[in-house]
Amino acid sequence: MTNTLHIKNELKQLTRLYAFLDQQAGTYELGELQSMQIKLALEEAVTNVIQYAYPDGKKDQDKKDQDIRIDMSYENKRLTIVITDTGISFNPLERQEPDLTLSLEERPTGGLGIYLVKQLMTEVSYSRSAGKNILTMAKDIC
């Protein structure tokens with residue numbers, strides 16, 4: 001069974017995302033550590049959509065086409081989360097891995113978030129279909 005949440009492309013919508021995740025964590029009986037890891041990965045991915053998928057120039061009346069869809073399902077001890085948006089085409093998995101040996105001052109901005117998502121989740125994939133970005137994250141639940 002898949003549970004779906006639609007949120008607006010606004011940072012204040014993250015509170016709805018947290019509530020949705022908390023509800024699903026209870027339904028799927030996720031442990032505290034797993035819930036925290038999933039929440040961090042989901043927050044990072046959705047925040048990136050909110051901040052970057054719809055570049056400047058969009059007016060408030062245009063935001064109705066900027067909703068973000070989050071589908072969550074659990075099957076065979078695997079939680080799968082699919083984030084779908086209609087923003088500009090962007091595959092975060094194509095970003096170069098950050099050089100963690102560099103100091104914060106030397107390290108270029110960006111890239112740490114998707115690196116973190118890939119570390120926290122079992123599998124992460126991206127596709128673009130029908131003008132939509134589709135980021136799929138899965139985590140094996142032991």
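What share of the contacts between residues at least 6 apart in sequence join residues at least 24 apart? I looked it up for this chain: 64%, where contact means heavy atoms within 4.5 Å.

**Ground rules.** I'm working with a predicted model, so I note that local features need pLDDT of at least 70, side-chain atom pairs count only at pLDDT 80 or more, and totals for chains, interfaces and linings use all residues. Residues are numbered from 1 along each chain as its sequence is written, and side-chain values use heavy atoms, with hydrogens and water left out.

**Layout.** I counted three helices and five strands. These are DSSP runs numbered from the N terminus, with helices (H or I) of at least four residues and strands (E) of at least two. Walking along the sequence, I get β-α-α-β-β-α-β-β. Of the 142 residues in the chain, 39% are buried. For burial I use relative accessible area: buried is under 20%, exposed is over 50%, and partly exposed is in between (1.4 Å probe, protein chains only).

**α1 on α2.** Next I checked helix α1 (residues 14-27) against helix α2 (residues 32-52). Their axes come within 11 Å and cross at roughly 150°. That makes α1 roughly antiparallel to α2. On the cut-offs, under 35 degrees is roughly parallel, over 145 roughly antiparallel, 65 to 115 roughly perpendicular and the rest oblique. Axes here are lines fitted to C-alpha atoms, for helices over the stretch in contact, and angles run from 0 to 180 degrees between N-to-C directions. From α1, I find Leu-14, Leu-17, Tyr-18, Leu-21 and Ala-25 in the contact; the α2 residues include Ile-38, Leu-42, Val-46 and Ile-50. Sorted by class, this contact has nine nonpolar, two polar and two charged residues. Ala, Val, Leu, Ile, Met, Phe, Trp, Tyr, Cys and Pro count as nonpolar, Asp, Glu, Lys and Arg as charged, and the others, Gly among them, as polar.

**α2 on α3.** I then turned to the pair α2 and α3, which pack at about 150° with axes 9 Å apart. This crossing is left-handed. Gln-37, Leu-40, Ala-41 and Glu-44 of α2 meet Gly-113, Leu-116, Val-117 and Leu-120 of α3. The tally for this contact is five nonpolar, two polar and one charged.

**The core.** Which residues touch the most other members of the largest nonpolar core? I got Leu-42, Val-46, Ile-70, Ile-81, Ile-83 and Met-137, out of 33 residues. A nonpolar core is a set of buried Ala, Val, Leu, Ile, Met, Phe, Trp, Tyr and Cys residues joined through side-chain atoms within 4.5 Å. The largest share, seven residues, comes from α2. I also listed the partners of Ile-70 beyond four places in sequence; among them are Leu-5, Leu-17, Phe-20, Leu-42, Val-46 and Ile-83.

**Two single residues.** Gln-13 sits in the loop between β1 and α1. Is Gln-13 buried or exposed? I find Gln-13 buried, at 11% relative accessible area. Setting aside neighbours within four places, Gln-13 is in contact with Ile-7 and Lys-8. Thr-136, in strand β5, counts as partly exposed at 23%.

Technical notes. A crossing is left-handed if the near helix is turned anticlockwise from the far one by less than a right angle, and right-handed if clockwise.
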